[in-house]
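Visitor: Hi! Could you walk me through this one?
Guide: Happy to. Have a look first, then ask away.

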Amino acid sequence: MTEQLDSATSVKLQLSNGKTIPALGLGTIPPDDNPGSVKDQVITAIKEGYRHLDTAWYYGSEKYIGEALKELFDEGVVKREDLFITTKVWPSFWHNPEKSLNTSLKDLGLDYVDLFLQHWPITLHGDENGQPATPKKDDGSLIYDDDPANGTKYIETYHKMEDILDKTDKVKSIGISNYSIKKLEQFLPEVRKYKPVVNQIELHPQLPQQDLVDYCESRGIVIVAYSPVGGPGAPVLEIPLINELAKKYMVTPNEIAEAYHILNNRGVLSRSANLSRIKTITRLPKLSKEELKALYQVGVDNPKRYNCVPYGFGIGFRWWTGDLYSTDIGVMKPHFETV
Ligand SMILES: NC(=O)C1=CN([C@@H]2O[C@H](COP(=O)(O)OP(=O)(O)OC[C@H]3O[C@@H](n4cnc5c(N)ncnc54)[C@H](O)[C@@H]3O)[C@@H](O)[C@H]2O)C=CC1
Ligand SMILES: O=C1O[C@H](CO)[C@@H](O)[C@@H]1O
């Protein structure tokens, strides 16, 4: 395997509205102990060739990204139009996505984002500033503004996002995140004018969710995979096959985890607080169809879901499992396994 490998940062995916999205994005959930380090992560990544940044109002990292962008623009390292930047509206801001967006734009120091996502298809009881982000009763259960399992108020958020796209220049595209098939079936017939271009979901070889992937792709919705190595601790990288393939192709295991998506025409968001790692996760090994299938089979045989937020990030609940309260918002229920 001595041939020159392609760079994952130069692959673009076609969106249904005619625009494109760079397949590899940098995730920007900040490390608990040093949120400001996101600034250097962004600077390192852009200098390394990344052109897609994924953030959210909820992450609290947008002001650090804004500082990084200002520096990069001032130094002429990159132009705004060469970047693809995504932000999201959190469920506690469901009633006013434009206000959430305005806050994000101000912190990012931008006039527009390339993609504005609805973070989750639920409504949490936040005030006019989206606070508290995770409203809870005394018993620790979340306070919703609508039944998280069967309510339809979350669709109002998307209608407001359609209006923002229609009437302002603040967003280039809109999309969704953490939508299950159940939610999509309820939601898609209610879309007024702009179909979501992306559904951002947890996806990796231990969590194939092929039914959801097929459902989205057959409707022209591009899948963007988050937590490609399973989040903190990178548990997905313990899969022996990933390490065997990394050795075979002489790349890092992270690059195998990314190639699993990019070679399947999906976007992927990677993150690391380790600046040298950010530089070593951009090659695109040419895995064969059989190897991609073998990676997929790992999760078919033993599915695991990691985004259950028991680890820091200021919160410790699993709102889609029904653990704390008996609701089902329809996210990945069939394969759910707490890790
Ligand atoms: N829409 C949504 O609800 C969600 C979106 N996201 C987005 O996706 C991005 C990526 O998801 P994450 O879960 O952050 O990503 P991830 O699966 O890439 O995990 C990142 C974590 O793994 C560690 N890591 C990476 N490679 C490692 C290695 N070789 N050895 C040891 N540790 C390693 C990193 O230091 C970091 O703590 C986020 O930053 C965010 O932008 C993430 C979660 C939910
Ligand atoms: O985007 C997100 O990040 C947090 C932590 O993983 C998660 O709850 C949310 O969907």
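Guide: One term before we start: helices (H or I, at least four residues) and strands (E, at least two) are DSSP runs, numbered from the N terminus. Please also keep in mind that this is a predicted model.
Visitor: Thanks! Where does P132 sit, then?
Guide: P132 is in the loop between β7 (113-118) and α4 (154-167).
Visitor: And is the peptide bond from Q131 to P132 cis or trans?
Guide: That bond is cis, with omega near -10°.
Visitor: Switching to the ligand: how many residues surround ligand 1?
Guide: There are 26 of them, and the closest are D54, N178, Q200, S227 and R271. By class, that shell has 9 nonpolar, 13 polar and 4 charged residues.
Visitor: What does the side chain of D54 do there?
Guide: An N or O atom in the D54 side chain lies 2.6 Å from an oxygen atom of ligand 1. S177 places a polar side-chain atom 2.9 Å from a nitrogen atom of the ligand. With G231, a backbone N or O atom is 2.9 Å from a ligand oxygen.
Visitor: How much of ligand 1 does the protein bury?
Guide: Taken alone, ligand 1 exposes 840 Å², and the protein buries 86% of that.
Visitor: You listed S227 among the closest residues. What is its phi?
Guide: Phi of S227 is near 50°, a positive value in a residue other than glycine. S227 is in the loop between β10 (222-226) and α7.
Visitor: Speaking of α7, at what angle does it cross α10?
Guide: The axes of α7 (residues 240-249) and α10 (residues 289-301) cross at roughly 155° and come within 10 Å. Angles over 145 degrees count as roughly antiparallel, so α7 is roughly antiparallel to α10.
Visitor: Which hand does that crossing have?
Guide: α7 passes α10 in a left-handed crossing.

How values were computed:
Residues numbered from 1 in each chain as written. Chains lettered and ligands numbered in written order. Predicted model: local features only at pLDDT ≥ 70, side-chain atom pairs only at ≥ 80, totals over all residues. Heavy atoms only, no water. Near = heavy atom within 4 Å. Polar contact = N/O pair within 3.5 Å; in protein donor to acceptor, adjacent residues only side chain to side chain. Areas by Shrake-Rupley, 256 points an atom, 1.4 Å probe, with all protein chains shown as cover. Nonpolar A, V, L, I, M, F, W, Y, C, P; charged D, E, K, R; others polar. Axes fitted to C-alpha atoms, helices over the stretch in contact; angles between N-to-C directions. Parallel < 35°, antiparallel > 145°, perpendicular 65-115°, else oblique. Left-handed = near helix turned anticlockwise from the far one by under 90°.
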